[in-house]
Amino acid sequence: GKTRAYLQKLINEGSPIHFSLIDPDKVYDINSLQKVVFKLYKAGTSAFLIGGTLGVSKEKMDGILSIIQDLEIPAIIFPSNINLISEKADAILFMSLLNSDDLYYVIGAQVSASIIVKLSGLEPIPTGYLIVGHGGTAAHIGRARAIPYDNSELALAYALAAEYMGMNYLYLEAGSGAPETVRPEMVKVVSKGSNINIIVGGGVRSPEKATELIKAGAKAIVTGNIIESDVEKAIKIIDAIQKISLI
Ligand code: 1GP
């Protein structure tokens, strides 16, 4: 698959990945989004993620995707449920919410969606989704038993389980707008103890924090809220992590 190969190439080169997350529910003006998307693209964001937990319809997704579609970088669906599958994207984070108490979010939604994904031609990216700390709306809706911010060993146990089940990525999620990000200490323990590629998101609002998380071993950083509230800040985050070489 093209998107997986593209991301793997960045990882092999030691280039940190930056994902710009667009939540279709938070987009009120498609024209200003267009400008923001172009700025992020020019600044060197690695790919766009599109998704959100509440208030997202396929129509809204398609509207956003029509803007991103023609750029040279991938548009990747970050799904909260099975209704958010659009053939206008390049790929989908095919995720299991590993620490959910509800089998629907662990394997049910995936079974309901798999044939649709196959028919859509979207490239699935096997991803474990692990909710940490604050957890935000995603934790509530996903019935997650969030991993405490300071329990790195528990996160590592999930990471190894995900790796042994064949997943490529582990998304450590503190929840959109979380007052505290996943701690660099947890990222360090998981990256040292496993071979899975770590994505970190939730509450990343400064270049310093993003840098710290990358240096701790994250392969990718996600920024969501900041893109809509302060795109120049998001660009500073992109610039900061691009300066880091992981080799
Ligand atoms: C949410 O991890 C993402 O799923 C991004 O979080 O909106 O806080 O950047 P923020």
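**Ligand shell, core and helix packing**

The shell around the ligand comprises five nonpolar, eight polar and one charged residues by class, where Ala, Val, Leu, Ile, Met, Phe, Trp, Tyr, Cys and Pro count as nonpolar, Asp, Glu, Lys and Arg as charged, and the others, Gly among them, as polar. This is a predicted model, in which local features need pLDDT of at least 70, side-chain atom pairs count only at pLDDT 80 or more, and totals for chains, interfaces and linings use all residues. Residues are numbered from 1 along each chain as its sequence is written.

**Ligand surroundings**

- Ser176, Gly201, Gly202, Gly224 and Asn225 come nearest among the 14 residues around the ligand; a residue is near if its C-beta atom, placed from the backbone, lies within 6 Å.
- Two or more residues of this shell are given by each of the elements β8 (220-223) and α9 (225-229); helices (H or I, at least four residues) and strands (E, at least two) are DSSP runs, numbered from the N terminus.

**Nonpolar core**

- The largest nonpolar core has 80 residues, and Ile50, Ile76, Leu130, Leu170 and Leu172 have the most contacts inside it.
- Strand β4 (residues 91-97) contributes the largest share of this core, six residues.
- Such a core is a set of buried Ala, Val, Leu, Ile, Met, Phe, Trp, Tyr and Cys residues joined through C-beta atoms within 7 Å; buried denotes 20 or more other C-beta atoms within 10 Å of a residue's own, exposed 12 or fewer, and partly exposed in between, with C-beta atoms placed from the backbone.
- Beyond its neighbours within four places in sequence, Leu130 is in contact (C-beta atoms, placed from the backbone, within 7 Å) with residues including Leu98, Ile147, Tyr158, Leu170 and Leu172.

- In helix α3 (residues 58-68), Met61, Ile64, Leu65 and Ile68 are the buried residues. They lie on the same side of α3 because they cover an arc of only 100° around the axis, the arc being that of the directions from the helix axis to the C-beta atoms.
- The buried residues of α3 pack against β1 (17-22), α2 (30-43), β2 (47-50) and β3 (75-77).
- In helix α7 (residues 184-193), the buried residues are Met186, Val187, Val189 and Val190. Their arc of only 165° around the axis puts them on the same side of α7, while Glu185 and Lys192 are exposed on the other side.
- Packing partners of the buried α7 residues are α6, β6 (169-173), β7 (197-201) and α8 (207-215).

**Backbone at Arg143**

- Arg143 lies in the loop between α5 (136-141) and α6 (152-164), and its phi is near 50°, a positive value in a residue other than glycine.
- Most residues other than glycine have a negative phi.
- Arg143 counts as partly exposed because it has 16 C-beta neighbours inside 10 Å.

Definitions and conventions. Two residues are in contact if their C-beta atoms, placed from the backbone, lie within 7 Å.
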